[in-house]
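Let's take a friendly walk through this protein, with the sequence and the 3D view side by side. The short sections below each pick one kind of feature to look for.

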Amino acid sequence: MKTITLLQPDDWHAHLRDGLALKRTVPDLAKQFARAICMPNLVPPVKTVAEAEAYRERIMAHVPEGVAFDPRMVLYFTDHTAPDEIKKIKDSAHVNAIKLYPAGATTNSDNGVSDIRKVYAVIEQLEKYQVPLLLHGEVTHSHVDIFDREKRFLDEVLSPLLKQFPDLKIVLEHITTKEAAHFVLEQDRNVAATITPQHLLFNRNDMLVGGIKPHFYCLPILKRQTHQQTLLEVATSGNPKFFLGTDSAPHAQDAKENACGCAGCYSAPTAIELYAQAFDQAGKIERLEGFASHFGADFYGLARNTNTITLVQEEQTIPAQLDYLDDQQIIPLYAGKTIQWRKV
């Protein structure tokens, strides 16, 4: 039986939500990863270091006994973020970055930045203190085709931003296109990207052919197979600019399966196995450890983990549904399907 042992991986982009949701999401994530960058798009959003520390305490209350898990916190960037909040991030023991959602880009993003030029004073402080700016890289203009929004963001927002702030530390999150992959490759070491399991394993045919499958619907949306192939190539290349970020996002089944279903894939319970599946299919399973366990920690300036996990090449079937909140269910990514790897 084929096995692989890795330093315990980290998830550099995860959604845990708040309140009752933490009972489901925190144990799922903590059993897979040593650390996770916890997204701040709550209602209301996490906008200050003090609010982030309070949110972290709520997360820690749900970590299973005997499990070591270190939530790394992020502030939500708004038009009104104070420049002096960035120094507080730099000095914080638990807050690592700030997240910019273009207003209206995804779930709970209505408080996002309306025009990046309005917040240049804050970005100057990010560059000064080398605090990472995490980007949901899509424009949100209603006239722009949803499949083109990432590319337009690169051209219209990110390229001018880096010309203005060339030393800004940036993570372009959940990239989905060959244009984004090539953009990251062309930049200096201060620009990196995360890639999700769904964008490595699936493309828009999986979501649309034979009927719309709402549990494959996420933002940025799945793209063509040619884009999927480029993402696989860079993720498995051993290039430290690309690392693991699941963008795992819990949504109740009835919120996904309706006339206006919400965006997000819930991958947390089997995330590392899904990545192993993708890397193995590409013939590069030996490069999973760098992507999952080394490169993200290095970019954030944190020590690599020292504990290890072992994966075996053994079939497992992903559950058809998971309990969520009081009387609801989540349909996890690839529910009911069999994958070839299992964490032991």
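This is a predicted model: local features need pLDDT of at least 70, side-chain atom pairs count only at pLDDT 80 or more; totals for chains, interfaces and linings use all residues.

## Salt bridges within helices

With a relative accessibility of 38%, Glu156 counts as partly exposed. The partner of Glu156 is Arg152: the two form a salt bridge whose closest N and O atoms are 2.2 Å apart. Arg152 is partly exposed too, at 30% relative accessibility. Both residues belong to helix H5 (residues 149–164), and because they are 4 residues apart there, about one helical turn separates them.

Helix H3 (residues 85–91) holds Lys87 and Asp91, which are again 4 residues apart, or about one turn of the helix. Their side chains meet in a salt bridge, at 2.7 Å from N to O. Lys87 is partly exposed, with 33% relative accessibility. Asp91 has a relative accessible area of 53%, so this residue counts as exposed.

How many salt bridges does the model have? The count comes to 14. One of them joins Arg35 to Asp10, with 2.9 Å between the closest N and O atoms. Arg35 sits in strand E3 and Asp10 in the loop between E1 and E2, so this pair ties together parts that are 25 residues apart in sequence. Are these two residues buried or exposed? Both Arg35 and Asp10 are buried.

If you are browsing for linked charges, visit Arg56, Asp70 and Arg72 as well: salt bridges connect these three residues in a network.

## Strands side by side

Strand E1 (residues 3–7) runs antiparallel to E10, and 5 bridges join the two. Within this pairing, Thr5 stands opposite Thr310 of E10.

E10 is also joined to strand E15 (residues 342–343), by 2 bridges and again in an antiparallel arrangement. Here Leu311 has Lys343 of E15 as its bridge partner.

## Backbone features in the loops

Where can you find cis peptide bonds? One joins Val43 and Pro44, with omega about -5°. Pro44 is placed in the loop between strand E3 (35–38) and helix H2 (49–60). Another cis bond runs from Leu219 to Pro220, where omega is near 0°. Pro220 belongs to the loop between helix H8 (204–208) and helix H9 (225–235).

Positive phi values in residues other than glycine are also worth a look. Arg17 has phi near 65° and lies in the loop between strand E2 (11–14) and helix H1 (22–30). At 13% relative accessibility, Arg17 falls under the 20% cut-off and therefore counts as buried. Gln130 has a positive phi near 55°, and its loop connects helix H4 (120–129) with strand E6 (133–136). Gln130 is partly exposed, at a relative accessible area of 33%.

Which residues form a negative surface patch? They are Asp254, Glu257, Asp326 and Asp327. Asp254 lies in helix H10 (residues 253–256). Why does Asp254 count as exposed? Its relative accessible area is 52%, and exposed means over 50%.

Technical notes: Residues are numbered from 1 along each chain as its sequence is written. Side-chain values use heavy atoms; hydrogens and water are left out. Patches are made of residues with over 30% relative accessible area and no salt bridge: like charges are joined within 9 Å, nonpolar side chains (Val, Leu, Ile, Met, Phe, Trp, Tyr) within 5 Å. Accessible areas come from the Shrake-Rupley method with a 1.4 Å probe; for residues, only the protein chains shown count as cover. A salt bridge is a side-chain nitrogen of Lys or Arg within 4 Å of a carboxyl oxygen of Asp or Glu. Lys and Arg count as positive and Asp and Glu as negative; His and the chain ends are not counted. The place of a charge is taken as NZ of Lys, CZ of Arg, CG of Asp or CD of Glu. Buried means under 20% relative accessible area, exposed over 50%, partly exposed in between (1.4 Å probe, protein chains only). Two strands pair if DSSP finds at least two bridges between them.
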